Amino acid sequence: MRKSLKIILIIVLIVVALVGGYFGYLQIIKNKTSKTIETMFTAIKSGDENQIKEYIDIEDAIDDNEEKSEGAEMESIMLKNLNYEIESMDVKFNECTANLKVTNKDLKTVFQNYMTKAISLAFSQAINSTSDEELESELKKYFEEQYDSDSIETIETRIPVTMKRESGKWKISCDENALVDAILPGYREIIDYLNSFNSEE
């Protein structure tokens with residue numbers, strides 16, 4: 001009887017150890033994937049394309065250094081209010097699905113205000129002989145003020161992302177359009193509008 005109890009006790013201890021090890025491993029995976037998401041968003045905010053590409057596929061950036069420099073400055077303004085929160089995670093051995101809440105200022109509203117300001121300054125330039133450099137500086141300043149303004153709505157977007165381990169690294173996959181909509185709310189609407197406007201010409 002005692003021998004049977006010992007065997008049962010050993011089996012129970014083994015099962016407990018295995019279960020504990022399994023959940024402990026899942027917690028390690030959860031921590032690693034959470035860190036991967038954090039690194040990706042840090043890279044997005046800093047504009048570090050090489051680091052972004054380690055985790056998610058993106059299109060190549062503009063090659064022209066001058067255009068890239070100007071774009072990076074505007075990009076930095078658009079992304080400085082970008083934040084995210086992991087709302088839930090489903091963790092498996094080599095795969096993890098996370099539901100993210102991503103927040104940023106409404107680019108569509110900023111763009112509309114920016115265009116109104118640009119037209120106003122263009123008329124002012126014609127009257128007051130303002131230089132192109134002064135006009136550009138004024139518009140950049142206004143653009144940043146828009147992103148600092150409480151009057152511009154912060155948009156919340158929820159997106160699912162899947163992470164799989166490839167060659168020892170966690171790669172993130174998600175709907176590219178959904179990711180763009182979450183990071184820059186209204187961006188694709190602006191691009192579609194500009195493309196339709198250009199096609200009419």
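A search of the whole structure, which is a predicted model, finds 3 aromatic pairs. Rings of Phe, Tyr and Trp (its six-membered ring) pair if their centres lie within 6.5 Å, with planes under 30 degrees apart counted as stacked, over 60 as edge-to-face and the rest as tilted. Y114, F143 and Y147 form one aromatic cluster.

**How to read the values**
- Local features need pLDDT of at least 70 and side-chain atom pairs count only at pLDDT 80 or more, while totals for chains, interfaces and linings use all residues.
- Residues are numbered from 1 along each chain as its sequence is written, and side-chain values use heavy atoms, leaving out hydrogens and water.

**The aromatic cluster**
- Y114 and F143 make an edge-to-face pair, 5.5 Å centre to centre with 85° between the planes.
- Y114 lies in helix α4 (residues 107-128) and F143 in helix α5 (residues 132-148), so this pair ties together parts that are 29 residues apart in sequence. Helices (H or I, at least four residues) and strands (E, at least two) are DSSP runs, numbered from the N terminus.
- F143 also pairs with Y147, this time tilted, at 5.4 Å centre to centre and 55° between the planes.
- F143 and Y147 both sit in helix α5, 4 residues apart, about one turn of the helix.
- Both F143 and Y147 are buried; buried means under 20% relative accessible area, exposed over 50%, and partly exposed in between (1.4 Å probe, protein chains only).

**The β1/β2 hairpin**
- Strand β1 (residues 83-91) and strand β2 (residues 95-105) run antiparallel and are joined by 8 bridges; two strands pair if DSSP finds at least two bridges between them.
- The two strands form a hairpin with 3 residues between them, and M89 stands opposite A98 in β2.

**N104 and its surroundings**
- N104 belongs to strand β2 and is buried, with a relative accessible area of 0%.
- A polar atom of the N104 side chain lies 2.7 Å from the backbone oxygen of I183.
- Leaving aside residues up to four places away in sequence, N104 touches (heavy atoms within 4.5 Å) a set of residues including Y147 of the aromatic cluster, and A182 and I183.

**Helix α6**
- In helix α6 (residues 176-183), the buried residues are L179, A182 and I183.
- They cover an arc of only 90° around the axis, so they lie on the same side of α6; the arc is that of the directions from the helix axis to the C-beta atoms.
- D175 caps the N-terminal end of α6, with a side-chain oxygen 3.0 Å from the backbone nitrogen of N177.

Key
Polar contact = N/O pair within 3.5 Å; in protein donor to acceptor, adjacent residues only side chain to side chain.
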